[in-house]
Amino acid sequence: MLEIDNKHLGKKRDVSTNKDEMYMLVALACASNSVDPSTQVGACYVSSEGKILATGCNQVPFGWNEDEFPWNTDPQYGVQNVKYTFIDHAERASLHNSAASISDFKNATLYVTLFPCKECAMSLINLGVKKVVYLNYRECSEFDLTKILLKRCGIEYVDFKTISNLCNVEFNMQADEKHNIMIKK
């Protein structure tokens, strides 16, 4: 056993994140990478062993120049809400970034900054994901359908605000030589 003199132990930080908070912060960091001018969504899949399997954000399909993407409704495409027709949701886009095998997602948890749509929920179900932790929720019929679908398939969904009291995180890489991160709970 390692013997350490008590006078050299020092004091640990008073405030740090728990695992749920850490994974949601990863999802938020991913959301910050989205170029969508109105909605930035990030996703982080975590295995039942606590390993990050995949991360991503809502984005245009690979090969489509995001500078030429119709972010607003445009009559030339003949489709209402063009963005929503073509954008790849964070839940799916993150899977394209993954080196994990499909079986790794069995019993995984998805941390996502916006409650999933019905189509993404079906993908989660087929992957074997067992829990969804979401940060934001919008009242709409689409999300009501998602709740029914998840519940019927035995997938737990949890509002992040009910499991965390994390309210403010400041990343100031210029703060000091240790690059401290300030966390307020």
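Reader: Where does Ser98 lie?
Author: Ser98 is in the loop between α3 (90-96) and β3 (109-114). Helices (H or I, at least four residues) and strands (E, at least two) are DSSP runs, numbered from the N terminus. The model is a predicted one, in which local features need pLDDT of at least 70 and side-chain atom pairs count only at pLDDT 80 or more, while totals for chains, interfaces and linings use all residues. Residues are numbered from 1 along each chain as its sequence is written, and side-chain values use heavy atoms, with hydrogens and water left out.

Reader: Which residues does Ser98 touch, not counting those up to four places away in sequence?
Author: Ser98 touches Leu53, Ala54 and Phe105. Contact means heavy atoms within 4.5 Å.

Reader: And what lies 3.0 Å from a polar atom of the Ser98 side chain?
Author: That is the backbone oxygen of Leu53.

Reader: New topic: is His89 buried, partly exposed or exposed?
Author: His89 counts as partly exposed because its relative accessibility is 22%. Buried means under 20% relative accessible area, exposed over 50%, and partly exposed in between (1.4 Å probe, protein chains only).

Reader: Where is His89 found, and what is it in contact with?
Author: His89 is found in the loop between α2 (82-86) and α3. Leaving aside neighbours within four places in sequence, His89 is in contact with Cys57, Asn58, Cys117 and Cys120. The C-alpha atoms of His89 and Cys117 are separated by 8.9 Å, although these residues are 28 apart along the chain.

Reader: What about α4 and α5: at what angle do they cross?
Author: The axes of α4 (residues 118-127) and α5 (residues 141-152) cross at roughly 20 degrees and come within 9 Å. Therefore α4 is roughly parallel to α5, a term for angles under 35 degrees. Axes are lines fitted to C-alpha atoms, for helices over the stretch in contact, and angles run from 0 to 180 degrees between N-to-C directions.

Reader: Which residues make that contact?
Author: Lys118, Glu119, Ala121, Met122 and Ile125 of α4 meet Glu142, Leu145, Thr146, Leu149 and Leu150 of α5.

Reader: Lastly, how many helices and strands does the protein have?
Author: There are 5 helices and 7 strands, and along the sequence they follow the pattern α-β-β-α-α-β-α-β-α-β-β-β. Of the 185 residues, 35% count as buried.

Conventions. Polar contact = N/O pair within 3.5 Å; in protein donor to acceptor, adjacent residues only side chain to side chain. Parallel < 35°, antiparallel > 145°, perpendicular 65-115°, else oblique.
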